[in-house]
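Subject: Structure handover

Hello,

Here is the structure I said I would pass on. My notes on it follow below.

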Amino acid sequence: MQDSTTFVRIFRSAFRDPILPVFAKPAECEQARNMKAESLSRAFAELSTPLIADAALRLKIPLRISPTGIQPVTPNQRLAGSALPVRHFGSVDVFLEAMQGAQPGQALVIDNGGRLDEGCIGDLTALEAEHCGLAGIIVWGAHRDTPELRQIHLPIFSYGGCPSGPQRLDPRDPSALRSARFGNFLVERGDVVFADDDGCVFAVAERVDELLRVAHEIWERERHQAEAIKSGHSLREQLEFARYLEKRATDLTYTFREHLRKISGAIEE
């Protein structure tokens, strides 16, 4: 297992925009972007959205969490990528326009107002996204063509399926390709999204290296604790729970989180 310092160094080297001369060839720029996308996906491979959320809490980094109910179309799907936001107003052309300038590894984040009365994407949109090399699609709303989407294997997240497509064509907002509402917050181009069976979380790109470093540290500690439990060393023993109860008996303001911080526990923060 690589240590956390090595882990973050590898991630930083590829995720942050490389310093390229103004005369860099398009192929060289494309290769650098692909490295960044692949590195982000690799960095998230052993992690999860709960670990990212715990790391954000520990670092006091604002984290935007998708509304409850956003799930992968196929269980165990996961994605990590730079957000490609888009707002849907009833026509698929806005998705195709977003893909015109898309980079491999980006995640199409669709604002459909959380609607459950229409499936705004189906198999053709998903196939086109796969053709573009996108990391996946996240919809604040519903999808359709569920069996076909499961055969495509592109990670897709939504509230669930709806057989009806859009029956409307609303006026298009000028920011349709710049940002997407997702619940009670905005997702902007360049934000980073992580998604798995527990839902989706969004973070600003500037703090992602810190998030991943701390999330990986928490993962390592929790895996060690889990192995210790399997070997007969209870979690209560590891966390010196009796000592915590003794301290709390004399100080009612003493919290379990305070105790965990003192012993570098990782259950909660």
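Lys247 lies over the face of Tyr254, at 5.6 Å from the ring centre. A charge counts as over a ring if NZ of Lys or CZ of Arg is within 6 Å of the ring centre and within 35 degrees of the ring normal. Arg78 is likewise placed over the face of Phe44, at 4.3 Å from the ring centre.

This is a predicted model, in which local features need pLDDT of at least 70 and side-chain atom pairs count only at pLDDT 80 or more, while totals for chains, interfaces and linings use all residues. Residues are numbered from 1 along each chain as its sequence is written, and side-chain values use heavy atoms, with hydrogens and water left out.

The structure holds 9 aromatic pairs. Rings of Phe, Tyr and Trp (its six-membered ring) pair if their centres lie within 6.5 Å; planes under 30 degrees apart are stacked, over 60 edge-to-face, and the rest tilted. Phe241 and Tyr244 make a tilted pair, with 5.6 Å centre to centre and 40° between the planes. They are about one helical turn apart because they are 3 residues apart in helix α9 (residues 241-250). Helices (H or I, at least four residues) and strands (E, at least two) are DSSP runs, numbered from the N terminus. Phe241 is partly exposed at 28% relative accessibility, whereas Tyr244 is buried at 7%; buried means under 20% relative accessible area, exposed over 50%, and partly exposed in between (1.4 Å probe, protein chains only). Elsewhere, ring pairs link Trp140, Phe182, Phe185 and Phe202 into a cluster.

Next, the nonpolar cores. Such a core is a set of buried Ala, Val, Leu, Ile, Met, Phe, Trp, Tyr and Cys residues joined through side-chain atoms within 4.5 Å. The largest has 23 residues, of which Phe95, Leu108, Ile110, Ile121, Ile137 and Ile156 touch the most other members. Elements that each supply at least two residues of this core include β3 (79-87), β4 (107-111) and α5 (123-131). The largest share, 4 residues, comes from α4. Apart from this core lies another, of 21 residues, among them Leu40, Ala43, Ile61 and Val192.

Last, helix α7 (residues 208-230) has 23 residues and spans 32 Å from its first C-alpha to its last, close to the 33 Å expected at 1.5 Å a residue. That expected span is 1.5 Å times one less than the number of residues. Among its buried residues are Asp209, His216, Trp219 and Glu222. Gly232, which follows α7, has a positive phi, near 105°.

Regards
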